[in-house]
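Take a look at the chain below. This report goes from the whole chain to its sheets, its cores and a few single residues.

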Amino acid sequence: MRDWKKTNICHCRDAMRKYLSERGDLVVVILHSKVAQKSYGNEKRFFCPPPCIYLLGNGWRKKHEQMLMNGEPEQDCQLGAFIGIGNSEFEMQQLDFNGKNFSAAKTLFISDSDKRKHFMLSLKLFYSGGQDLGLFHSRRIKVISKPSKKKQSLKNADLCIASGTKVALFNRLRSQTVSTRYLQVENGNFHASSTQWGAFTIHLLDEEQSEAEEFAVKDGYIHYGSTVKLVCSVTGMALPRLIIRKVDKQTALLDADDPVSQLHKCCFYLKDTERMYLCLSQDRIIQFQATPCPKESNREMINDGASWTIISTDKAEYMFYEGMGPACIPVTPVPTVHTLHLNGGGDVALLELNGENLSPALRVWFGDVEAETMYRCQETLLCVVPDISCFYEGWQWVRHPTQVPISLVRYDGVIYSTGLSFTYTPEPGPRTNRFSGFEDLFANQKEDYSNSL
């Protein structure tokens, strides 16, 4: 492995430069709800909204074109996908992208024979010609028996909905599954879609907050009667200020103030209007005017189209790039980096990377410069910050701010973008105090890394 490393270091740098100039990442996104309702007996209560898989980035198209250029037959260049709930008793279900960049898993469910309180979705991706991309996992999903009809307490915080988190909203006319529509932004408009669903960030607003493009948000959990903003997490489009209200049968409760819980039915009153509610009419989103309830002053009568089911959502996102050609082993588990922490400075700067799925097979790169790397555990890597002269020949100190992207590279050339960058901050002049033991510090660590490969 050491010989491989010596003979291929130049090729790795060329591959990194190509990657940084083209950014042809292959991106896998798994969108799903944070909770799943259990099925009992012979029923199949399919997850709603259905988990959606998106293949983003232009790397997928480029990979397909490259495979064809390499002489592989078209049938071997087709991407296959299966998804399951991580339980060997149930077969994984095939996904069909059908020329699109997304596919929905519409028939997944979890039965009462499965005693897990939490689970993760497992997505298997492969090419017909034999290349196995690996197994990608969703975030953790909580299993619930059924939506709580009791007045929810903040003691069950994992079932409550906090300000700043993402939710999905769906409407089901006359409780018919085939009539399910999801709130979605499409072509710059809010839309009721039967195929795709949107994840909306729900923000808690101050009661006195006026309508504006920019608004101040509050922390805390969403309660009925709260003023909220729904913002599309992809496009940034927002609905006007809304007051979220509890739904009981076909009425909106004006005085309910308990926390909003998973899979509750709710409605959204457009603030400062004459009883107008967010409503769907077939595939369109409209405003519906409620009527006062003749017998109870604390209720307003709404129609089915204004009653929405709310559920928290989550997203798992993975990025990779095969810098040295198709990988011979799966690209998973894909490492992710959440935070960077700098220790020291100048000639003795160490960068600590904290994340998930880190391994001894990974090296840290600053732009197109490989850094000396030490593996600590699956959550932590350490590396030496390369000298500024690696980027600007002849520089003895940092003259102006210089920002470089941080990437992880596996021993076989698979590049994983961290989405993070490192900034060299300007120094007053040449460094004079060099740490004499600096080379010794990483000598043993470097040898350990090579041996681990």
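## A hairpin to start with

Two strands pair if DSSP finds at least two bridges between them. Strands E29 and E30 meet that definition: they run antiparallel and are joined by four bridges. The model shown here is predicted. In it, E29 and E30 form a hairpin, with two residues between them.

Strand E29 covers residues 373-377, and strand E30 covers 380-384. Thr373 lies in E29. Its bridge partner in E30 is Cys383. Is Thr373 buried or exposed? Thr373 counts as buried because its relative accessibility is 2%, and the cut-off for buried is under 20%. The side chain of Thr373 also has polar partners. One is the backbone oxygen of Ala371, reached at 2.9 Å. Another is the backbone nitrogen of Val364, which lies 3.0 Å from a polar atom of that side chain.

Gln378 sits in the loop between the two strands. At 47% relative accessibility, Gln378 counts as partly exposed. What does Gln378 touch beyond its neighbours within four places in sequence? Its contacts are Gly355, Glu356, Asn357 and Leu358. Glu356 is 22 residues away from Gln378 along the chain, yet their C-alpha atoms are separated by 6.1 Å.

## The whole chain

Now step back. The chain has 453 residues, and 47% of them count as buried. It holds three helices and 32 strands.

How much of the contact count comes from residues 24 or more positions apart? Such pairs account for 65% of the contacts in the chain with a separation of 6 or more.

Strands of a sheet pair through backbone hydrogen bonds, either parallel or antiparallel.

Look at one pair inside it. Strand E4 (residues 79-84) and strand E8 (residues 122-127) run antiparallel and are joined by six bridges. Phe82 stands opposite Lys124 in E8.

## A three-stranded sheet

Another open sheet has three strands in the order E2-E10-E7, and its pairing is mixed. Strands E2 (35-37) and E7 (118-119) stand at the edges with a single partner strand each, so one side of each has no neighbour in the sheet. E7 pairs with strand E10 (residues 141-144) in the antiparallel sense, over two bridges. Within that pair, Phe119 has Ile141 in E10 as its bridge partner.

## A covered strand

Strand E14 (residues 200-205) is mostly covered: six of its six residues are buried. In a regular strand the side chains alternate between the two faces of the sheet. Phe200, Ile202 and Leu204 point one way from E14, while Thr201, His203 and Leu205 point the other way.

Which strands pair with E14? Strand E11 (residues 165-171) does, running antiparallel to E14 with three bridges. Strand E16 (residues 227-232) pairs with E14 in the antiparallel sense over five bridges. Strand E15 (residues 217-218) is joined to E14 by two bridges, also antiparallel. Ile202 stands opposite Thr165, and its bridge partner in E16 is Leu230. For Leu204, the bridge partner in E15 is Lys218.

## Nonpolar cores

In soluble globular proteins, nonpolar side chains tend to be buried together. The largest nonpolar core in this model has 55 residues. Leu123, Phe136, Phe320 and Phe366 have the most contacts inside it. Strand E32 (residues 414-424) gives the most to this core, with four residues.

Phe320 has contacts beyond its neighbours within four places in sequence, among them Trp60, Leu133, Phe136 and Val331. Val414, Ile415 and Tyr416 are also included. A second, separate core has 29 residues, including Phe200, Ile244, Leu270 and Ile285.

Note on methods. Residues are numbered from 1 along each chain as its sequence is written. This is a predicted model: local features need pLDDT of at least 70, side-chain atom pairs count only at pLDDT 80 or more; totals for chains, interfaces and linings use all residues. Side-chain values use heavy atoms; hydrogens and water are left out. Buried means under 20% relative accessible area, exposed over 50%, partly exposed in between (1.4 Å probe, protein chains only). Contact means heavy atoms within 4.5 Å. A polar contact is a pair of N or O atoms within 3.5 Å; within protein, one must be able to donate a hydrogen and the other to accept it, and residues adjacent in sequence count only if both atoms are side-chain atoms. A nonpolar core is a set of buried Ala, Val, Leu, Ile, Met, Phe, Trp, Tyr and Cys residues joined through side-chain atoms within 4.5 Å.
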